[in-house]
2 protein chains.
Amino acid sequence: MPSSHPSVVASAAKAAQAAAPALGAFPLTRRSALLRDLARTLGDHDVRLASVAEDETRLGAERLKGEIHRTRVQLEMFADVVEDGGFLDAVIDHADPSALPAPRPDLRRMLVPLGPVAVFSASNFPFAFSVLGGDTASALAAGCPVVVKAHEGHPRLSDLTARLAADVLPEGVLTVIHGREAGRELVTDPAIRAVGFTGSTAGGRALFDLAASRPDPIPFYGELGSLNPVVVTPAACVARGAELARGFAASATLGQGQFCTKPGLLFLPEGHGLDEVLRGEFASRAPAPLLGEWIANSYRTTLTALAAHPAVRPLHNPPQPADPRHAAPALLTTTAEALRTSPELLEECFGPASLVVTYTTRNDVLETLRALPAGLTATVQGEEAEDEELFHALTAALYTGRLVWNGWPTGVAVTAAMHHGGPWPATTSPLHTSVGTRAITRWLRPIAYQNTPDAFLPPPLQDANPWNVPREVNPPGVPGSRQG
Amino acid sequence: MPSSHPSVVASAAKAAQAAAPALGAFPLTRRSALLRDLARTLGDHDVRLASVAEDETRLGAERLKGEIHRTRVQLEMFADVVEDGGFLDAVIDHADPSALPAPRPDLRRMLVPLGPVAVFSASNFPFAFSVLGGDTASALAAGCPVVVKAHEGHPRLSDLTARLAADVLPEGVLTVIHGREAGRELVTDPAIRAVGFTGSTAGGRALFDLAASRPDPIPFYGELGSLNPVVVTPAACVARGAELARGFAASATLGQGQFCTKPGLLFLPEGHGLDEVLRGEFASRAPAPLLGEWIANSYRTTLTALAAHPAVRPLHNPPQPADPRHAAPALLTTTAEALRTSPELLEECFGPASLVVTYTTRNDVLETLRALPAGLTATVQGEEAEDEELFHALTAALYTGRLVWNGWPTGVAVTAAMHHGGPWPATTSPLHTSVGTRAITRWLRPIAYQNTPDAFLPPPLQDANPWNVPREVNPPGVPGSRQG
């Protein structure tokens, strides 16, 4: 797929800009209907979409079917969120003529769309984080038109999805462009008001830097890399070590390890005695294709470098298959002390490989966890009756967006309480999530109306509340003074 | 005041980092008590504080007394916000073992402090946006220790305020440093997790760039410049032109025009006939001191450049006073077309000067408003019975954080519905406000707990809700699928 010409990028951004006022002014019911129509379209064409996706990504029919389902659920979830209207965060403070030291005006605040959004889609979720994925769904729900930079790994699927969406959406509301250079032009296009990105730390950082260096810097929400450490307490290792080894292997190799929540580090107490079980689990999984040869190349390079490190020894590191797109799962091991003192071991290996890290004392593991970069998830496998105090010590040392107890980090529930984010380098914006209903907050900005006639106000702020949105009226906080 | 030595900056940041876990773990009642103690301390020492402030800023006793009151109210407002607990945005999604295509875990999400915050205080609010001002109050309310870079305009007041605060706060929770170079070191210190800034666009941009270029970029909330246009409709001009001219002059010269909400542009219909009233209003206001000689210098330079522009003529532009710290109010005029085509006329003139912009047709004013940079406020003076349609056209053309109807932009109420922010160049972060209760969101990040035993959870997420915070339980949004 050739890179989109600069004039195509500029036209897409301009069309999004032209479409923004009308989309932002739609009644909420109309905006939610668009999202439901998109969900229905995905369902109507799921066989054809899955077939093109399988051809490009090799993710397997079952997984792709499930992912289309998730993508529909996401669109419908945001339709619900739009209809509810709570995302507008409407707040009304009535005037207080007797406020001291000066009368207080009537103030009404709500959130409005930021404007056209650029979405960089992910290689590993051709539906759920691509053209009609979570970033697009949340941006449309917020009332922002979207220009998607398609991932190089599934360009035909991206174009097909965009064509199907075009039958549902007003002109300019969703456009797909192709190519890295086109992506860079998109981030610097004056019409674009925010960027969502899912991908590598290096790629995300380069685009973040572009967004921040614009004459008018814009928000950049990058969901980047994560090591997703799993810590097994000594008590859990004794109680159910073998079961945990099997669960870990299943999570680390799910989807060939091509998830941003893949557990890349397994902390086990020294003398854990699980080498054989772990080796067996990883060895039992046959080589399989990755998303593309470029991912397989990167997997092999990173794995080779890790395996060659003097502090690392293999538990299971078979020769990689002849087919350059395929990958064999691998498991290496090192010590907590080595991990703490060797930053080069902290590189994410995207694909079905993980590192077992043995720790000696409680201090040894805590000190090492504190040295890890922030991540999307961290998991503690412990015994409830014995590990409460240790849980608190471990979680104080872990810098993460989601803490999993006695579960696995893969499997990201799409709900209101989900947080899929974290401080740098997990993301470029520690305040926001890219999964779940709160993802909509990335594309909205507040506006306040002062002393405005009721009939002039947008419906969510009118006294009669004609759209019946949740509102806070005169919420907590001392009636303020005014000055300045 | 000499610039703080690099080792002093590093120590302050390290002390803030050391204080962060305990401050973040305080029960909400204890955190709110700290804020109330700080408010009380300001009240106990108000005479002494106002005296030092007057000596440094020359803002006048009455204004300074009012500002101390506002600063106390802000601290108390955030104490209320903390006690309420709604700012934690706690959300609980119960497990759903029957969810399709896979069981859904129990997920509980809340906001936690980002960590140590750097606050750059403002010249024009020695209390309300300085050591114990809104940025500090909201950061402490969020549970974040603060290192304040004092403004060069009131270093002694900053040190005095910090000493008084030290009697109330745990060690390391609030420190003051001095000097521009020290400020730059602070923004790049690894312990600092976010920055709040109030000041000029140039100064804010330089620090924003530093924050964005860190190895680990951090959020930077800069409240920068704003032209604060006021648009008078033809109907309002006929109905109450002279009254509006007087109101405008009062707002533009309030506090010697040293407010970020000072109306810098007054749009009047051609042939408005208000030159004499406006001239008289500005001429009646005597020269008075500004915050410092550096501000007066900048005022004179900017005013001279504007007045020398070929498209600008003076309405009232007297010689500036001999005292280099003093400034005489000034009013210039130009046309909407000239403003639209001369970007050099869009420079903010901080101080008691404004520009009257005459417009011909409706299109003339709309086109010019669309060409303005985004601002903190925009004001429409209109007639309710006649101007509804024009109000909608004007507000669609204005890119702003707060829309004022038939009022003036100065006088920023400190409430929940206030929005004091806006897209670049009004701020560096269009999503956030620096005034009002929502300012706390800048210093918080989400964390989600998955399947965690009730007793292990932080109190706001425990089933029994021992702190009795507002929570959403199973809020709108289709029960999500899981994958990835």
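Tutor: Let's start with contact: two residues are in contact if their C-beta atoms, placed from the backbone, lie within 7 Å. This is a predicted model, where local features need pLDDT of at least 70, side-chain atom pairs count only at pLDDT 80 or more, and totals for chains, interfaces and linings use all residues. Residues are numbered from 1 along each chain as its sequence is written, with chains lettered from A in the order in which they are written.

Student: What about pairing of strands across the two chains?

Tutor: Strands pair if DSSP finds at least two bridges between them. In this model, three bridges join β16 (residues 400-405) of chain A to β17(B), and the two run parallel. Arg402(A), for one, has Ala448(B) as its bridge partner.

Student: How are the two copies related?

Tutor: You superpose them by least squares on the C-alpha atoms of residues with pLDDT of at least 70 in both. A rotation of 180 degrees, with 0.0 Å of shift along its axis, puts chain B on chain A (RMSD 0.0 Å). The copies are thus related as by a two-fold rotation axis. In chain B, the C-alpha nearest that axis belongs to Ala212(B), 3.3 Å away.

Student: And why do we say the copies meet through the same surface?

Tutor: Because 100% of the interface residues of chain B are also interface residues in chain A.

Terms used: Helix = DSSP H or I, 4+ residues; strand = E, 2+ residues; numbered from the N terminus.
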